[in-house]
Amino acid sequence: MQEARDEVYSHLIARRAVARAALHLGSDSMTSESLDSLAACLIAYLERVGKTLAISTEASGRSSAHCNVLDAVRAVELCT
């Protein structure tokens, strides 16, 4: 039950982030389906970056709680 709430909340936050980015880029209208699709893509990308970050940090002999900015930059580079 809690996981379902977390997924709904994450999706709503991702929709808001996508909408703000679209407004910033000059788009003043977007369908709900477009927002949902882009929010799902954003969530998938962030999950992939997080997994990559944890794996690369742990592979270097540190726990994933001790990652730094260079680890994050490397994870983003690997995921894009």
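Where is the place of Leu-25?

*Solution.* Leu-25 sits in the loop between helix 1 and helix 2. Helices here are DSSP runs of H or I with at least four residues, strands are runs of E with at least two, and both are numbered from the N terminus. With a relative accessible area of 73%, Leu-25 is exposed; the word means over 50%, while buried means under 20% and partly exposed lies in between (1.4 Å probe, protein chains only). The C-alpha atoms of Leu-25 and Gly-61 are separated by 41 Å, and the two residues are 36 residues apart along the chain.

Before going on, a word about the model. It is predicted: local features need pLDDT of at least 70, side-chain atom pairs count only at pLDDT 80 or more, and totals for chains, interfaces and linings use all residues. Residues are numbered from 1 along each chain as its sequence is written, and side-chain values use heavy atoms, with hydrogens and water left out.

**Exercise 1.** Describe the overall build of the protein.

*Solution.* 
- Step 1: start with the secondary structure, which comes to three helices and zero strands. Along the sequence this reads α-α-α.
- Step 2: turn to the dimensions. Taken along the principal axes, the C-alpha atoms fill a box of roughly 45 × 35 × 15 Å.
- Step 3: look at the radius of gyration, taken over C-alpha atoms. The protein has 15 Å, whereas a compact globule of 80 residues would have a value near 12 Å; the globule rule is 2.2 Å times the number of residues to the power 0.38.
- Step 4: check burial. Of the 80 residues, 16% count as buried.

**Exercise 2.** Find the salt bridges and say what they connect.

*Solution.* 
- Step 1: recall the rule, a side-chain nitrogen of Lys or Arg within 4 Å of a carboxyl oxygen of Asp or Glu.
- Step 2: take Asp-36 and Arg-15, whose closest N and O atoms are 2.5 Å apart. Asp-36 lies in helix 2 (residues 32-59) and Arg-15 in helix 1, so this pair ties together parts that are 21 residues apart in sequence. Asp-36 is partly exposed at 29% relative accessibility, and Arg-15 is partly exposed at 21%.
- Step 3: take Arg-62 and Asp-71, where the closest N and O atoms are 2.9 Å apart. Arg-62 counts as partly exposed at 30%, but Asp-71 is buried, with a relative accessible area of 11%.

**Exercise 3.** Which residues gather in a patch of negative charge on the surface?

*Solution.* 
- Step 1: name the members, which are Glu-3, Asp-6, Glu-7 and Glu-47. Such a patch takes residues with over 30% relative accessible area and no salt bridge, with like charges joined within 9 Å.
- Step 2: ask where the members come from. Helix 1 (residues 2-24) gives the largest share, three residues.
- Step 3: pick one member. Glu-7 belongs to helix 1 and is exposed, at 57% relative accessibility.

Note on methods. Patches are made of residues with over 30% relative accessible area and no salt bridge: like charges are joined within 9 Å, nonpolar side chains (Val, Leu, Ile, Met, Phe, Trp, Tyr) within 5 Å. Accessible areas come from the Shrake-Rupley method with a 1.4 Å probe; for residues, only the protein chains shown count as cover. Lys and Arg count as positive and Asp and Glu as negative; His and the chain ends are not counted. The place of a charge is taken as NZ of Lys, CZ of Arg, CG of Asp or CD of Glu.
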